[in-house]
Amino acid sequence: MSEPLAEEMAAEVLGGQTDSAGPTGPVSRGEEEASDTRTRGVWIDAWRVLRSKPLFLISIGVILILTLMAIAPSWFASGDPNQGSLSKSLQGPSSEGWFGFDVNGRNVYTRVVYGARASLTVGFACTLGTTLIGIVLGSVAAYSSGPVDSVISRIGDMLLGIPFALAGIIVLSTLTTFDTPNWQVETILILTIIVFGWPSIARVLRSTVLVTRNADYVVAGKALGLSGSRVLFRHILPNAISPILVLSTMRVGGYIATEASLSYLGLGLHPPAVSWGQMVSDGQPYLRTGFHVLLFPSIFLAITILAFVLAGEALREALDPTNRR
Amino acid sequence: MLKFVGRRLLQFVPVMIGSTIICWGLVWALPGDPFRGRCGQVVCSDQYVQTMTQRYGLDQPLPVQYLVFLRNLFTGNLGETFSGQDISAVISQALPVTARLAVLSILIQVVLAVSIGIYSGLRQNGFVDVTALFGSLILFSLPVFVVAFVAQYVLGVRLAWVKPTVSPAAPISELILPAAVLAIGIMATLMRVLRASVAEGLHADYLRTARAKGFSERRVIGVHLMRNVMAPALNVLGLEFAALLGGTVIVEGIFNIKGVGGAIYKAIQDREQLTVSTMVTLVIIFYLVINLIVDVACAQLDPRSRDV
């Protein structure tokens with residue numbers, strides 16, 4: 001649900017990229033060392049900027065803690081997330097249960113900790129999938145042009161023509177029932193997001209590559225007699241990668257939100273698996289009596305998404321060549 | 001310009017056909033018999049399944065089914081749900097409500113995003129700009145159902161300023177809260193795009209030229225700058241229609257609004273494939289047409305975008 005913002009931000013980076021590829025762009029000396037020092041230079045520069053940004057460090061810290069939570073939830077919370085005692089039903093936060101208890105008397109804190117796994121798995125897997133497919137198809141489209149380009153671009157348009165949320169709802173509701181095992185639901189969910197998500201990455205990459213393709217250093221590389229794939233992998237892609245990196249970082253949050261929304265609609269993971277969206281949906285009938293049941297998973301969801309968005313934002317500023325003067 | 005419209009239309013047709021095929025295929029071509037589970041506790045008789053399969057033309061090969069579906073769509077005969085209700089009746093009941101919700105929501109986001117975005121673009125790094133930038137990132141991070149619940153709880157239940165749910169007639173006064181919830185998450189993008197293009201435009205040559213010609217500051221900003229700012233903003237607004245349409249499914253559910261989003265969701269849960277594919281196809285066509293109009297409008301505003 002968050003594609004347009006991320007895309008726009010990547011487009012801003014793209015703008016910066018265009019500048020660097022123009023007359024002020026790197027001048028090609030010896031091809032090998034030039035590309036090497038330059039690539040390393042960009043990343044070291046970016047790291048210097050990032051290291052001094054508190055907001056970036058905080059969001060990376062939050063992401064690391066959440067990742068650890070997803071890998072080893074038992075380090076953060078003791079007890080079984082699905083075990084509850086009805087005597088504690090809907091009790092508010094106390095020293096015993098920091099986030100209170102839900103209607104079945106289950107500890108909301110424990111459940112929130114265990115819910116991190118579903119969100120982060122979906123977030124990372126979808127990002128990896130869409131980025132890889134987007135990079136491959138986007139660069140193939142830009143580099144081959146002609147009919148291959150048209151076919152890839154039009155297929156992308158068709159997939160983008162279907163609102164993301166609707167596609168997810170339709171696929172999950174046709175392919176899964178309540179008996180479908182959770183790992184299958186999760187796989188289907190991830191694949192759906194990947195299938196409908198790659199076109200926006202491919203689109204950004206395609207336009208970046210199209211801009212970079214005519215840059216002086218690429219022309220020089222071709223004039224030196226380098227093979228097409230070498231020019232693509234050593235010279236064009238390293239320059240096109242930063243907008244994609246920014247876009248991908250920001251979209252992790254979007255994928256997590258999509259998973260939560262679908263789980264909220266009852267189409268995602270179901271018990272005994274725990275997910276934040278499902279917790280919110282479970283808490284919905286007790287909006288008046290036990291607001292904490294849906295408040296805490298919502299807060300965690302928001303913090304997680306915010307961490308990725310802020311990290312992406314910081315990355316965008318650090319990689320933007322116009323900020324480096 | 002005419003050439004651009006023609007080329008854009010030529011692109012539009014295959015994309016529309018492709019999108020509807022994908023969507024229709026997702027609903028129909030996937031495994032599962034739509035009639036098997038429709039008889040409650042009892043197993044459906046073969047006779048029932050056969051009759052229904054024939055009645056809805058599901059015994060024909062898939063491509064034929066798709067063509068029949070398209071023909072019906074364009075002749076305005078939308079068919080009926082599996083329980084015999086006219087789909088067009090279901091839509092005509094739900095559409096006005098959703099239309100009101102969507103228009104209201106767009107109105108809210110355009111007014112807020114345009115005023116805040118342009119103001120913060122003109123006074124960069126000022127108090128409003130920094131607050132709005134940070135606030136928009138936070139709002140952007142909140143999934144729509146979280147915003148909806150918090151708004152419903154705080155404004156509807158605790159403070160009781162508005163009714164927490166919407167009555168079936170859905171008058172505009174009751175739709176303001178859901179529309180604002182829908183607008184909040186989407187607004188951030190529009191605001192940032194406006195801010196960025198205003199900030200960029202302020203240093204552009206055309207603005208200096210306009211000032212040098214001696215136009216008043218009001219005309220320089222209001223006419224010369226705005227024309228250049230409008231195109232990207234319109235573009236984003238068109239793309240965000242997708243988020244808006246997806247969001248209505250959730251927001252309509254939470255606020256109990258009887259609109260198109262709610263109807264689609266209910267149809268999915270009732271396994272009413274025909275209703276789902278018809279409504280979703282119409283939504284997709286609507287979305288694509290909106291973006292076609294946006295593209296043409298952008299080309300009118302900014303002739304450079306015609307060559308792309």
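**Reading the cavities, pockets and contacts**

Modeller: Let's start with a lining. The second largest cavity is lined by 4 nonpolar, 3 polar and 2 charged residues; here Ala, Val, Leu, Ile, Met, Phe, Trp, Tyr, Cys and Pro count as nonpolar, Asp, Glu, Lys and Arg as charged, and the others, Gly among them, as polar. Before we go on, this is a predicted model, in which local features need pLDDT of at least 70, side-chain atom pairs count only at pLDDT 80 or more, and totals for chains, interfaces and linings use all residues. Residues are numbered from 1 along each chain as its sequence is written, chains are lettered from A and ligands numbered from 1 in the order in which they are written, and side-chain values use heavy atoms, with hydrogens and water left out.

Colleague: What volume does the second largest cavity have, and which residues line it?

Modeller: On a 1 Å grid over the protein atoms alone, a cavity is a set of points where a 1.4 Å probe fits but cannot get out, while a pocket is an open set with protein on both sides within 12 Å along at least five of seven lines; lining residues have an atom within 4 Å of a point. Grid points are joined across faces, edges and corners, and a volume is the space filled by probe spheres set on the points. Here the second largest cavity has a volume of about 100 Å³. Its lining is made of Ile170(A), Ser173(A) and Thr174(A), together with Val27(B), Ile268(B), Arg271(B), Glu272(B), Gln273(B) and Val276(B). The most comes from α6(A), with 3 residues. In total, 6 cavities of 30 Å³ or more are counted.

Colleague: And the second largest pocket: which residues are closest to its centre?

Modeller: That pocket holds about 680 Å³ of space. Among its 29 lining residues, Lys258(B), Gly262(B), Ala263(B), Lys266(B) and Ala267(B) are the closest to the centre. Two or more lining residues come from each of α4 (87-122), α10 (241-254) and α11 (260-269) of chain B. The largest share, 6 residues, belongs to α11(B). By type, the lining divides into 11 nonpolar, 13 polar and 5 charged residues.

Colleague: How many helices and strands does chain B have?

Modeller: Helices (H or I, at least four residues) and strands (E, at least two) are DSSP runs, numbered from the N terminus. Chain B has 12 helices and 0 strands. Its C-alpha atoms fill a box of roughly 80 × 55 × 30 Å along the principal axes.

Colleague: How do I read the area buried between chain A and chain B?

Modeller: The size of an interface is often given as the accessible area lost when the parts come together. Buried area is the accessible area (1.4 Å probe) that two parts lose on being put together, summed over both. Between chain A and chain B about 4,400 Å² is buried, with carbon and sulfur atoms giving 80%. The contact (heavy atoms within 4.5 Å) takes 49 residues from chain A and 51 residues from chain B.

Colleague: Which residues form the salt bridge between chain A and chain B?

Modeller: Side chains of opposite charge can pair when their charged atoms come close. A salt bridge is a side-chain nitrogen of Lys or Arg within 4 Å of a carboxyl oxygen of Asp or Glu. Between the two chains the count is 1: Arg192(B) pairs with Glu313(A), their closest N and O atoms being 2.9 Å apart. Over all chains there are 8 salt bridges. One of them joins Arg154(A) and Asp157(A), at 3.1 Å between the closest N and O atoms. Both residues lie in helix α5 of chain A, 3 residues apart, about one turn of the helix.
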